[in-house]
Amino acid sequence: MAYDLEEQEQLDEFKAWWKKSGKLISNLILVVLLAYAGWQGYHYFQAKKSVEASTLYQTLVTTDTSKLADIQAQATKLTADYAGTPYAGRAAIYAAKVNIAANDHKNAKTQLEWAAKNAKESTTKAIASLQLAGILFEEKSYDAALKLLSSDSDKGFVGLKEDLKGDIYMAQGKKTEAKKAYETALIELDSQGRLSQYTRQKLESLGV
Amino acid sequence: MLDAIRNHTQGWLAKVILALITIPFALFGIDSYFNDAGSNVAIAKVNGDKITIQEYGNAIDNVRSRLQSQGQKVDPAMLESAELKQSVLDGLITRRLVNAEIQHANFKISDEQLSTYILGMPEFQQDGKFSEDIYQKTLAQNKLSVSKFESDRRNELLNQQAREGLGLLVSVPEGVTDQALKFAHQKRDVSVAEIKTAQFVAQTKVTPEQVKAYYEQHKDKFKVPEQVKLEFALLSAAGLVAQMQVSDEEVKQFYDENVSKFQGDEQRQASHILIGFGVTATATEKAAAKDKAADILMQLKKDPKRFEELAMKNSQDPGSASKGGDLGSFGRGAMVKPFEDAVFSMKVDQISDLVESEFGYHIIKLNGVTGHSSSFEAMKPQIKGELLFQKAQAKFSELADDFSNTVYEQSGSLKPVAEKFGLQVQPTAWMSREEGAKFFKSERLMNSVFSDEVLKEKRNSEAVEVSPNNLVSVRVLEYKPAAPRSFDEVKGGIEGLLKLEQATKLAAEKGLADLAKLKSGGQVDDLEWIPTVTIDRKDAQGLTEPVMNQAFKIDASKLPAYAGYVDGNKSYTIVQVSRVDNALSDDAKQGAVDEYKAAVAAEYISAYGKSLKAKSKVVVNRKLLESNSQQ
């Protein structure tokens, strides 16, 4: 088997070394393989969960919005059993929207608070806290709304938040602050988008 | 270590090293070592993931063909505009970002969702049901495999869910819509008074010293731009037409192949008598039918007037027999070929011989002709022209590369290329860069003219396809740099300008004084107000844009409210707002609220993209993006 003496020597060395630490190495390899299998299994499990959640979410958003209790139940299932998927946060916001339309602020708030805290996507969190501030604004809890809007959050939603801030300041009669908020909103909002038109008009009405 | 390797080139250590070197190739392929070349160059990187120049080029092509399919004429300058390039690239970047986020956030579409979607696609419906046949055919036509098509649709659904689906979440408090709609749909009663600049010109005074001083100060403004005199060679399909030959046979062949195109609006009315034989007729049956038909034909030859009577009695075409054989009027393509050939070669009132078709033997009578056919003779010149141009176009494409190469290889003169292709080298008049771009309808060509190579080294410009089927190369004959205009040339203009400036100032002074008076509740008698109009943002009632801008900016907390502005050299304009109306009918309000919510939905979607972008590392190769038009 060995080609020459030197090689034979090396082979012997290797065999001795293997005798000493072979067990440790094979154990290590086993651990790595197990970890890898676990990791794969975890991903498989996550994917399976997500597929289920996707189907449930699809059903939720196509349910007749007059069936409030039905929508409520579906959303609760998603937030309870599928919190690890992006669908949970979105389901909570969707249910809150239906609740708001039915004038149930209390339930809507609970759902938005859940989403603002637990949603998997930072964008969904931002939408939830934006809409929560909207409800507080409706309830004339201006300071609470402003506080919520001032907390740090997702970069993409700064424009929408500043726009809402402007509206709140307007309701409070604080024109200077409103102007500043609208100005910031205009920088942050999509300049090609239609919403920026409305903001520009609100700003103009303040005499700019 | 190296010694060890050398000593063991045959041994196990060498094998281990060899394996270590081989693994990367096996896993990543050799092309990962070369992927910075050619069409693989990245125009942008999204989190290290490349958007290649090829991908970007395809996206631009898609935009082009989409515009073309909408019937728009595509302006190449528009396709090369920085905004369009940026927005196409932004679109690609956003798509990458969203696709990565879909993976990361773990959005999924189940196989059931996917199949429900595909089964419902209108493209594949037949009689209100999904047709597997149409599905397979459509995919084959578009050279798509089922798995590729399905994975594309899955990706589309994922995008809809993750990105566009945000629109489903929009909820806007009433306080917010009220605030926005109040200003968006507000009506204002507006009037306008202009204090015209022109009426102050007589009061102004400008001294020659002032004119001179202005000239000295603004010398750089009074300049003739740099100009060139060019000569050019034009290779065009139109120019090649004269060298093309089209034989009568080719024209005839084209006419025959496209005869239905040249049919015109000709319609013919005919009657027939059909003596049929079945599809499975034997020779004897056929012969019997033929004898019977021939017998009828004989009777008709004796007395053509009996056609109707004989048709009623004998014709085996149930549709027409009862009407005396009348088939009504029809154009080409409506009848079987032998029948049609016969009908369209007959004269009115003529009765044909026996015409055999798959149905049997026909005796045909032509009753009348309306409209005009386009006979071969009439169409010949037009067809010939078309064929000549087709040939010229083909020749043009064949020669184009050669033309480009010749002007490049023999860049010292246009003569070689002119001789080679039988072209005339034509001179132009003096022209500035702008005038040149208009003359040749190509900015790219003029950019090339003012490049060092063409302008200073006096070489031929590259060959530029200034419009489809027109290839131009130019060279510079003479060059005049930009030069100042003389004082005498411009002093009249300066004087007028200075007077207008002064008059504008005077008008503004009066305007500001009037405005102050109006604002404090006073009256100004000599202002001429236009009749008051009621405007909203979408309905200007004929007011100009600057007036509209002012009208909605005026603080209307106290009415009437006023604002004024200098309208260029024309006037000082005062705008009055006398009434503000925030009322919105219930119907209009519902529509307006929906419109507002749609705007918020769009904003959610764009905020989503912006958010992903903020969280990622996006690098754009600006230089490549800007230079890409030249390739």
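1. Tyr215(B) counts as buried, at 6% relative accessibility. For the cut-offs, buried means under 20% relative accessible area, exposed over 50%, and partly exposed in between, with a 1.4 Å probe and protein chains only.

2. A word on conventions: this is a predicted model, in which local features need pLDDT of at least 70 and side-chain atom pairs count only at pLDDT 80 or more, while totals for chains, interfaces and linings use all residues. Residues are numbered from 1 along each chain as its sequence is written, chains are lettered from A and ligands numbered from 1 in the order in which they are written, and side-chain values use heavy atoms, with hydrogens and water left out.

3. Searching the whole structure gives 23 aromatic pairs over all chains. Rings of Phe, Tyr and Trp (its six-membered ring) pair if their centres lie within 6.5 Å; planes under 30 degrees apart are stacked, over 60 edge-to-face, and the rest tilted. Phe130(B) and Tyr135(B) form a tilted pair, because their ring centres are 5.5 Å apart and their planes at 55°. Of these two, Phe130(B) is partly exposed at 23%, whereas Tyr135(B) is buried at 5%.

4. Back to Tyr215(B): its ring pairs edge-to-face with that of Phe487(B), at 5.2 Å centre to centre and 65° between the planes. Tyr215(B) lies in helix H10 (residues 208–217) of chain B and Phe487(B) in helix H22 (residues 487–519) of chain B, so the pair ties together parts 272 residues apart in sequence. Helices here are DSSP runs (H or I, at least four residues), as are strands (E, at least two), numbered from the N terminus.

5. Ring pairs also join Phe124(B), Phe130(B), Tyr135(B) and Phe149(B) into a cluster. Over the ring of Phe149(B) sits the charged end of Arg153(B), 4.7 Å from the ring centre. The criterion is NZ of Lys or CZ of Arg within 6 Å of the ring centre and within 35 degrees of the ring normal. Lys480(B) has its charged end over the ring of Trp430(B), 4.6 Å from the centre.

6. Which residues have the most contacts inside the largest nonpolar core? They are Tyr596(B) and Tyr604(B), in a core of 100 residues. Its largest share, 11 residues, comes from H24(B). Such a core is a set of buried Ala, Val, Leu, Ile, Met, Phe, Trp, Tyr and Cys residues joined through side-chain atoms within 4.5 Å.
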